Amino acid sequence: MTLDELEEIKERELFSRKKKVLRCCMAAGCVSQGSSELIDNLRAAVKDAGLEDEIEVRGVGCMRLCCQGPLTQSDPEEVLYEKVEPNDAKAIVEAIRTGTQAKLQRGDPKHPFFAKQHSVVLGNSGHVDPERIESYIAVDGYLALHHVLRETEPPEVVKCIMASGLRGRGGGGYPSGLKWQAVAAAKGDRKFVVCNADEGDPGAFMDRTVLESDPHSVLEGMAIAAYAVGAEQGYIYIRAEYPLAIERLQNAIKQAKKAGLLGAGILEGPFSFNIDIRIGAGAFVCGEETALMASIEGKRGVPRPRPPFPAESGLWGCPTLINNVETLANIAPIMRKGAEWFAGIGTEKSKGTKVFALAGKITNTGIVEVAMGTPLRTIIEDMGGGAPDGAMVKAVQTGGPSGGCIPSQHLDTPVDYESLSELGSIMGSGGMIVMDESNEMVDVARFFMEFCRDESCGKCIPCRAGTVQMHHLLTKIIDGKASARDLAKLEELCDMVKHTSLCGLGMTAPNPVISTLRFFRHEYEALLQPDPLAASETPPASGSSTTTA
């Protein structure tokens with residue numbers, strides 16, 4: 001495929017657009033609530049009304065406000081309907097025909113939930129049809145890949161990513177450009193690019209949203225990365241719990257190959273790159289890069305010590321670049337608009353945007369993308385609408401089971417890697433769970449510890465045994481059977497597990513306990529009982545005497 005052919009597809013797609021577009025959310029959450037039947041009914045209603053030349057019914061990815069799905073929106077009027085049922089289709093089409101509004105639950109596209117978002121990764125989400133490559137090409141899809149292959153040398157691509165300031169969105173925030181540089185410089189006959197789509201944090205659905213809504217953006221990002229580091233084979237590692245994302249990825253890969261955008265001789269040039277999908281069984285530890293690679297190789301998914309790092313010795317001992325879904329979805333926009341543009345978003349040390357999944361005790365559950373440095377309060381209160389039913393927000397957990405609980409008095413903290421770390425939490429992959437005053441923080445800590453205990457691979461003793469003992473002590477405290485001595489033991493265990501575990505799962509497992517002890521210690525102490533051993537060891541009061549018979 002040539003640039004002229006890409007432009008021809010874009011022009012044909014745009015030329016065929018109807019005067020009005022009726023978008024219908026086809027993300028997994030809406031599909032589960034009947035949006036497949038809804039979109040069939042909408043198309044039938046358009047046909048029955050004789051409006052096929054005027055109205056395009058388009059299935060799109062996530063429209064973000066998940067709690068109100070299924071969602072539809074008619075453009076250019078920007079009429080948004082919430083909780084739409086299949087039987088509402090005729091009323092919606094009739095309202096478009098007559099220029100009125102259907103008597104259905106209305107949403108506000110200008111609500112802060114939508115208006116305060118800054119879309120880069122999700123720029124196409126809810127707008128393009130994820131099952132048609134033409135829809136992606138119409139919004140300049142694969143244009144960045146063409147530019148890179150025809151006009152840019154691999155070292156220049158790496159320099160652009162370094163200059164952009166992009167940091168890995170999978171949790172640690174390591175500079176992406178440095179990782180790319182290391183893989184590009186590594187010696188090896190074969191190199192690999194891996195997309196880590198093993199999203200397993202409780203309450204997290206950011207990567208799933210991207211893959212279901214805009215799969216070609218990830219494929220294009222992987223192809224650019226492969227060209228930059230010298231790889232010819234890529235893998236997407238995704239858990240089996242995401243069947244719709246897998247289906248759309250498979251479809252996207254097939255379409256890209258057919259169009260000459262993946263496979264041999266991409267864009268009629270010398271560069272070749274293939275992508276295969278590897279489906280994981282859902283082990284949380286396989287989100288750790290060395291465990292993920294072991295699973296791709298057909299081995300048991302358990303971590304190994306580092307070094308060597310994957311950039312030097314990864315899949316089958318070859319240099320391997322591993323980035324997560326959101327990181328790769330940033331690549332094409334950066335290459336299209338430039339490193340300076342991306343670096344102009346966010347803060348000095350945290351560039352660009354971040355996608356978060358808002359969940360828990362919050363009014364507006366869904367997906368948001370904001371510029372780095374946006375205060376937590378803006379996300380939770382302005383966009384999320386705060387806690388429902390007039391309740392007060394007590395804390396927010398960022399970073400999933402590896403993160404920490406941030407109390408309400410710190411909601412003015414900007415969302416960036418350094419600020420969250422100072423509060424004992426992490427950015428993580430983007431899970432954001434809100435808690436209100438009804439949540440007991442020791443219970444919250446035990447919930448996350450139970451998750452880590454169950455997901456521990458068992459390879460190293462600190463994590464395997466430490467998470468069990470920490471969960472036991474948390475249960476003992478909640479049951480009112482613990483003393484101050486048990487609390488001190490819990491803190492000792494947190495320190496030991498954090499500093500001696502093999503991989504990130506064990507190293508970060510104590511974080512929810514450490515953060516809740518830091519900010520909500522009084523809730524732990526209120527559950528403690530007097531220590532009978534301490535009482536028996538108390539020395540006699542001054543001036544007392546003892547006698548013997």
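Two strands are taken to pair if DSSP finds at least two bridges between them. Helices (H or I, at least four residues) and strands (E, at least two) are DSSP runs, numbered from the N terminus. The model is predicted, so that local features need pLDDT of at least 70 and side-chain atom pairs count only at pLDDT 80 or more, whereas totals for chains, interfaces and linings use all residues. Residues are numbered from 1 along each chain as its sequence is written, and side-chain values use heavy atoms, with hydrogens and water left out.

An open sheet is formed by 5 strands in the order β2-β1-β3-β4-β5, with mixed pairing. Because β2 (55–60) and β5 (106–107) stand at the edges with a single partner strand each, one side of each is left without a neighbour in the sheet. Strand β1 (residues 20–25) runs antiparallel to strand β3 (residues 72–75), to which 4 bridges join it. The pairing of β1 with β2 is parallel and extends over 6 bridges. R23 has Q73 as its bridge partner in β3 and R58 as its bridge partner in β2.

Strand β2 is mostly covered, 6 of its 6 residues being buried (under 20% relative accessible area with a 1.4 Å probe, protein chains only; exposed is over 50%, and partly exposed lies in between). I55, V57 and G59 point one way from β2, while E56, R58 and V60 point the other way.

Helix α4 (residues 89–98) lies across β1, β2, β3 and β4 (79–81), running at about 155° to β1. Axes are lines fitted to C-alpha atoms, for helices over the stretch in contact, and angles run from 0 to 180 degrees between N-to-C directions.

Helix α10 (residues 206–213) packs with helix α11 (residues 215–229) at an angle of about 95°, their axes being 5 Å apart. The two helices, α10 and α11, are therefore roughly perpendicular to each other (65 to 115 degrees; under 35 counts as roughly parallel, over 145 as roughly antiparallel and the rest as oblique). V210, L211, E212 and S213 of α10 make the contact with P215, S217 and V218 of α11, where contact means heavy atoms within 4.5 Å.

D140 is located in the loop between α6 (133–137) and α7 (143–151). This residue, D140, is partly exposed, with a relative accessible area of 26%. Although D140 and K10 are 130 residues apart in sequence, their C-alpha atoms are 7.6 Å apart in space. Apart from neighbours within four places in sequence, D140 is in contact with K10 and R336.
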